[in-house]
Amino acid sequence: MPSLRELADDMERFTSSYGAELGRVGEVRARVARRLEQAQAAVTAAEAAWREMTAAGGSFPAADEAVVRARVAGRKLAEVGDRLGPDDVDEPAAVVERLAEEARDLAVELPRRAAAVGNRIPSLATRIDAVVTRSERTGEFMSGLRREFSYESWKDIADAEGRLRSHLDDARSALDRLRSLHAAGDQSGALAALGEVETAVDAASELVDAPRRRLERLRDVKRDPGALFDRVRFVLRDTRLLLRSGAPQPWGAVSTPSLASSSRWRGSSRPRTRTTGRC
């Protein structure tokens, strides 16, 4: 049976031979462990935000599903963490952190948006009324387009009046649904209806002025057809100049003469004294 001194000598020889390599392995494992801890910390933060949301009475299926996805991903990462090296751990850890961040953002943002729904309802109703008022002259502008210009000039907005009515009907219906859901305390449903109202109102707002803008532009071209060609010609000319000379670089450093060149320049500026053979 070897003595303790022999065992100690063997251990010392082993440490002397492989100590550096064992140290590097330990550092690698420590880096992997830190990366795994960072991912799990992100999941923990997401779960804390979700618990705070539910404790305050918030109920949002989107946030619930997001935190479940983050938990599952974090659990799977922990199961395989011991088998991952430094080159393998970053990608799955980044996926877990992204899912956790999405869950945390939803848990924080959705209650905030739901709390603002009550203030958004009257403002959206005002926007709808404003679009309705602006739409009263849509037929007049479309008549001007049909009367003064060919179909090819306005065919993309030929059904502007019908599409506008459809968008406004969608906005009114979604607004009524939003009021009902908000009154019933259905926060998740109210947010979904809010998005529908905003989408419909945005589409109506963009379309309601299209006939007027098209008529004004076509009349400008009709009054001075050459102006449009001049603008295009100037743009093409400027483009050719840029392509020929290269795009300007405002971030480039100002070139300054080197010390040697500046010395030569200073020397060349001094008047030369011509020597002659006469005293």
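**Rings and helices in a predicted model**

Trainee: How are the rings of Tyr151 and Trp154 arranged as a pair?

Mentor: Keep in mind that this is a predicted model, and that the structure holds one aromatic pair. The ring centres of Tyr151 and Trp154 are 5.1 Å apart and their planes stand at 85°. Planes over 60 degrees apart count as edge-to-face, so the arrangement of Tyr151 and Trp154 is edge-to-face.

Trainee: Is Trp154 buried or exposed?

Mentor: Tyr151, its partner in the pair, has 48% relative accessibility and therefore counts as partly exposed. For Trp154 the relative accessibility is 7%, and the cut-off for buried is under 20%, so Trp154 counts as buried.

Trainee: How are helices α6 and α7 oriented to each other?

Mentor: Two packed helices are described by the angle and the distance between their axes. Here the axes of α6 (residues 160-184) and α7 (residues 187-208) come within 8 Å and cross at roughly 155°. Angles over 145 degrees count as roughly antiparallel, and α6 and α7 are therefore roughly antiparallel.

Trainee: How many residues of the contact of α6 with α7 are nonpolar?

Mentor: The crossing of α6 and α7 is left-handed. Among the residues of this contact, three are polar and four are charged, while the number of nonpolar ones is 18.

Methods: Residues numbered from 1 in each chain as written. Predicted model: local features only at pLDDT ≥ 70, side-chain atom pairs only at ≥ 80, totals over all residues. Heavy atoms only, no water. Phe/Tyr/Trp six-rings, centres within 6.5 Å; stacked < 30°, edge-to-face > 60°. Buried < 20%, exposed > 50% of the residue type's maximum accessible area, 1.4 Å probe, protein only. Axes fitted to C-alpha atoms, helices over the stretch in contact; angles between N-to-C directions. Helix = DSSP H or I, 4+ residues; strand = E, 2+ residues; numbered from the N terminus. Parallel < 35°, antiparallel > 145°, perpendicular 65-115°, else oblique. Left-handed = near helix turned anticlockwise from the far one by under 90°. Nonpolar A, V, L, I, M, F, W, Y, C, P; charged D, E, K, R; others polar.
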